[in-house]
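Look at the chains one by one, then at the places where they meet.

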There are 4 protein chains.
Amino acid sequence: MIIVLKPDATKKQVNHIVEKVKKLGLKPWVSQGAERTIIGVIGAEDILRIQPLEVFPGVERVMPILKPYKLVSRDFKKEDSVIDLGNGVEIGSNKIVVMAGPCSVENKDLLIDIARKVKAAGASVLRGGAFKPRTSPYAFQGLGEEGLKYLAEARRETGLLVVTELMDLRELELVEKYTDIIQIGARNMQNFDLLKEVGKSKKTVLLKRGMANTIKELLMSAEYILSGGNFNVILCERGIRTFEDYTRNTLDISAILAVKFLSHLPVVVDPSHAAGKWSLVPALSKAAVAAGCDGLIVEVHTHPEEALSDGAQSLLPEKFSQMMRELRVLVKAVNREM
Amino acid sequence: MIIVLKPDATKKQVNHIVEKVKKLGLKPWVSQGAERTIIGVIGAEDILRIQPLEVFPGVERVMPILKPYKLVSRDFKKEDSVIDLGNGVEIGSNKIVVMAGPCSVENKDLLIDIARKVKAAGASVLRGGAFKPRTSPYAFQGLGEEGLKYLAEARRETGLLVVTELMDLRELELVEKYTDIIQIGARNMQNFDLLKEVGKSKKTVLLKRGMANTIKELLMSAEYILSGGNFNVILCERGIRTFEDYTRNTLDISAILAVKFLSHLPVVVDPSHAAGKWSLVPALSKAAVAAGCDGLIVEVHTHPEEALSDGAQSLLPEKFSQMMRELRVLVKAVNREM
Amino acid sequence: MIIVLKPDATKKQVNHIVEKVKKLGLKPWVSQGAERTIIGVIGAEDILRIQPLEVFPGVERVMPILKPYKLVSRDFKKEDSVIDLGNGVEIGSNKIVVMAGPCSVENKDLLIDIARKVKAAGASVLRGGAFKPRTSPYAFQGLGEEGLKYLAEARRETGLLVVTELMDLRELELVEKYTDIIQIGARNMQNFDLLKEVGKSKKTVLLKRGMANTIKELLMSAEYILSGGNFNVILCERGIRTFEDYTRNTLDISAILAVKFLSHLPVVVDPSHAAGKWSLVPALSKAAVAAGCDGLIVEVHTHPEEALSDGAQSLLPEKFSQMMRELRVLVKAVNREM
Amino acid sequence: MIIVLKPDATKKQVNHIVEKVKKLGLKPWVSQGAERTIIGVIGAEDILRIQPLEVFPGVERVMPILKPYKLVSRDFKKEDSVIDLGNGVEIGSNKIVVMAGPCSVENKDLLIDIARKVKAAGASVLRGGAFKPRTSPYAFQGLGEEGLKYLAEARRETGLLVVTELMDLRELELVEKYTDIIQIGARNMQNFDLLKEVGKSKKTVLLKRGMANTIKELLMSAEYILSGGNFNVILCERGIRTFEDYTRNTLDISAILAVKFLSHLPVVVDPSHAAGKWSLVPALSKAAVAAGCDGLIVEVHTHPEEALSDGAQSLLPEKFSQMMRELRVLVKAVNREM
């Protein structure tokens, strides 16, 4: 921690801070320059981080040196985490995992039909929402447990793994019962009680980045889950909110690299929610793979004109198949597999 | 709803959309210009809003005409809503309500001391968090029920009303029991299950705008609560996330005006969280009152150097008193009371 | 400057940096903690700032301690700068200066009529554009020198001072000839050649913040002008670009405070361009005054329905007069004059 | 143009607008719904766009239907524009063009050495700045004409084409004399006088997107150049400003697709300025190619530790060569050439 003092900070003010730091059991050093005095405290930044040093008289600025996350950090674990998703599917290795399916689970036959088609095209995980976070209270809110049952049935029929969103922590057991991967949506990335609950779960968690959250905050939210004992966390970049309105959100392609530099956790990309338009999904998927992501989560629907949510960003199965064929060529060019 | 077709849309595509709209029981009209054909459907926008019209062949863009919210809208209720908070305090009238107190409830004596001081300065509501949404799992998470009890005791001691944050819907009953106003924090503005639950409560809800949420989305989240039957909702502007980093967030002062134009609900401003620095709080409070807000929620702490959270943005009681004296002059100049 | 090394930085890498710093004539110190080594260099930050220290092997991060601007800084000059604008008008003192007029100069009679009306209402500076920065090449681009002549005539008729925008440095002499204050628009805030030219002028410069520029960058752009020898610079907050679309830009009310903390230069607010809607202008003007600005620059037009640019955000003279009456009450409440 | 009226708009107000539209020679139609009346005017949107319809009494909102740009639009020209850059190099075809070189031209030998190395690696255009837009007036401002001469000499030595930035329109002739492609930097994207000048030039223009400018605004700025008679314009995505601070700017990868959908002009990507860190450049370059860009512009420096600007984001020649080798494999996988 570096504490920068104001140009007119008094000796008394410097001593007051030095005393405070010493009382916390830490060893400060003071460096006096012509224009500013600074106080440095190396190590044990956790103890200092929770002290409001900015309010001490004479302080101009406080600059942390260490990262506020630990368990998710590359410093903690050098090699990439590879998570076993079940069914012989793993993520974080050289092999790219594709998750696909409708935005919402709407009815059983439709879901199973879509599941078969995405499986045939090469997906290994079926996505589909039973509980839907909708901006409007008047929009379709999802089928609830019925939807979860359909997902489980689609899994039995196709052998696909299943990922679905958990919104309400009272439904954790239910979601655990029917699915393989629990998704925490962008709007709940900082729902800390929910994070604590899934931190106690044995299921893999797919944690989506919030629309206005930094990569550091995404890692801090993952830290909640790991510190609860659940190390099976997949991070997901799904676009951030900016002034640009051609796309629904701005896909932050650099976030893939940032996560890989800073953390050992696998990272997937959701081009459908980022773009909000199906026509951009294939090219964004290719860009994500070329940038080094470990997987994709893509919306596919057989009848987007009838979809109860997010029809505009859903690929038709034939477009999805074509994209998968093109990706298969691409992954080789970047030394990955699929 | 206005549906703009692509320049090369075929007659068949136009008819396909017209048929679809008619099947929904609506009456479309078609207007053909030199460069674009458009299809208009006036009224009953709710039915169309959930149709993914963008995916219909030939469609370039879909533009809604009506607002997606109803109960919170000025169209629904022309006059300002005035909410009775209890104890003879009401919000939304000509009188400005000031809520003040520490970020977190830390211990009983400290809380009661702060409560007495903010009351003496003119506050009518005590704020204080028992459950704290912290970015880091290693930071102080709040005292829980113990904290709620201290708040209740401070209320008994001072006669102040109490507002506190609810994060976990399993704790709704507990929070209802001890407090007067339930705060939904910025990070939970789109935690729709939580909104549905407080929509069933009898308590007034203080709904904070999310850091990356538009005013329209804030109103949609309030609509969740009103549509659940609870019309006692106060909106709160607390800064949005932008590229500027001098302040922690950018206080969107225009949001006060926007809410007043679009909705009948009262709006308060939280300058402490917006700025992240106590030294900006008095001037931002004045700006908010001058712009027309109905109240303020301000962090005050007797020992910011020892605060367990947000010390840097807490005013000392004497600074708060001075600010209140200055505000008392200001409110008269803008024809309000305090 | 604080140079933070990577956890695995070698002794050789540390020495390489220490040698480099010494070669520049500076005195580094090294501090080794359990988790990180850091190298500090106090003072003479200018020399280091232009070294790409981030690329030295072993470096994780470089953190500057000192501010990159000098002449505009409060450290350089403690007391507020008061600029004499001529005609007995000064800005930066206790008295608030109001600049008002049409977006563009459209014709002589209209301009003089508006000038008379804003003067009667209490403005002391007439604003009006002769050269207009328009997003579209097909939009009205301004009357050019003819417009400048009308401004000069309006000045003769009314005694108002005149502010107008300079876009093209080839027209500096022309603009200097006809006006009192040269405006550098938001889109040219980082047009460094233009800044250098007005740095050599004797005229006061009104420097608008760019839509996506930080307060620090605004101060750096002002530094260009002061370092050229022209200390008569007024800063202007006019809204920044964010995701919110209710207003055209988001007025960053805290920027007023930030500028006042960091710099001695006067700061004015342009609520018209920030909001993009005339109905928000009076309340935003009040908020700006309450927050502590030194002046306002407001668009006023007698026939907004016929305006060639920005009609939607122009106040009618009678609305402007009413706003001025209300502001006159408000300024007293915040111990200012008008 | 769709004009949406307020719920309480009077018949007189509707007629007033209808009359105004008719006076402009256009044919409005009126559609009355249960909740709103709307007035539509199809075609000739240019005439209406400059009318401040929002200020007419009774108007709630005005929604344009047509795009404000013409010459740059896909509607104007269906097929991709292919620009002949000279030396047998063209951009906009199936072949990807790589531009590389130092941020600033620093001295002749260094420049020629870098030029040889980037040519050997496969670049066909040399980049290098002689006039540098620097945030600080105290930073290196470029070598000026001397730098241009070195660029010309590097061109003679290597056969590479040359691109360099023009900041000051007084230097257009100079820059035209020595270079093949004129770069308009991000900070000058809305310097409309500069755009008008290069619109009269015969040289190809590389127009960079401003940090806070939408894709629509980028196209409008290009429209300035095309409407001046110069159709040889290359657009460049180089990152936008967001709240995320891991990268210097957020590379908007979707902008490549948006430009390709909306316009016929070629688009290149600058990963160096977007990321601000050399380590991200190779992966971002791959992502850009996979997404469908027509070229890359990359900073390369033999001695980044000594670079006078942007050292932190410059690739060493050997890293650049390796990246080019990897890109050569990738371009085949996406059916492009290099």
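Which elements do the buried residues of α7(B) pack against? They pack against α6 (192-199), β11 (204-208), β12 (233-237) and α8 of chain B. Helices and strands here are DSSP runs, numbered from the N terminus; a helix (H or I) has at least four residues, a strand (E) at least two. Buried means under 20% relative accessible area, exposed means over 50%, and partly exposed lies in between, with a 1.4 Å probe and protein chains only.

This is a predicted model, in which local features need pLDDT of at least 70 and side-chain atom pairs count only at pLDDT 80 or more, while totals for chains, interfaces and linings use all residues. Residues are numbered from 1 along each chain as its sequence is written, chains are lettered from A and ligands numbered from 1 in the order in which they are written, and side-chain values use heavy atoms, without hydrogens and water.

Stay with α7(B). Of its 13 residues, 11 are buried, so the helix is largely enclosed by the rest of the structure. Among the buried ones are I215(B), L218(B), M220(B) and Y224(B). The length of the helix can be checked. The expected span is 1.5 Å times one less than the number of residues. For the 13 residues of α7 (residues 215-227) of chain B that gives 18 Å, and the end C-alpha atoms are 18 Å apart, which agrees. After the helix comes G229(B), with a positive phi near 110°.

Now take a whole chain. Chain A has 11 helices and 14 strands. Its C-alpha atoms fill a box of roughly 75 × 45 × 40 Å along the principal axes. Of its 338 residues, 67% are buried. Contact means heavy atoms within 4.5 Å. Among contacts in chain A between residues at least 6 apart in sequence, 68% join residues at least 24 apart.

Next, the meeting of chain A and chain B. The contact involves 48 residues of chain A and 49 residues of chain B. The size of an interface is often given as the accessible area lost when the parts come together. Buried area is that loss, found with a 1.4 Å probe and summed over both parts. Chain A and chain B bury about 4100 Å², 54% of it on carbon and sulfur atoms. Between them there are 6 salt bridges. A salt bridge needs a side-chain nitrogen of Lys or Arg within 4 Å of a carboxyl oxygen of Asp or Glu. E197(A) and R170(B) form such a pair, at 3.4 Å from N to O. On the chain A side, α1 (11-23), α6 (192-199) and α7 (215-227) each give two or more residues. The largest share, 5 residues, comes from α7(A).

Chain B also touches chain C. Each chain brings 34 residues to the contact. About 2700 Å² is buried there, 77% of it on carbon and sulfur atoms. F243(B), E244(B) and Y246(B) supply 20% of the area that chain B buries against chain C, more than any other three residues. This interface holds 2 salt bridges. E244(C) bridges to R209(B), with the closest N and O atoms 2.8 Å apart. On the chain B side, α8 (254-262), α10 (281-291) and α11 (317-333) give two or more residues each. The most, 6 residues, come from α10(B).

Follow one in chain B. E60(B) and R36(B) meet at 3.1 Å, N to O. E60(B) sits in strand β4 (residues 59-63), R36(B) in the loop between β2 (29-32) and β3 (37-40), 24 residues apart. With a relative accessible area of 26%, E60(B) is partly exposed. R36(B), at 5%, is buried. R36(B) also forms a salt bridge with D75(D), at 3.2 Å between the closest N and O atoms. D75(D) lies in the loop between β4 (59-63) and β5 (83-86) of chain D, so the pair joins two chains. D75(D) is partly exposed, at 40% relative accessibility.

Technical notes: Buried area = accessible area lost by both parts, 1.4 Å probe.
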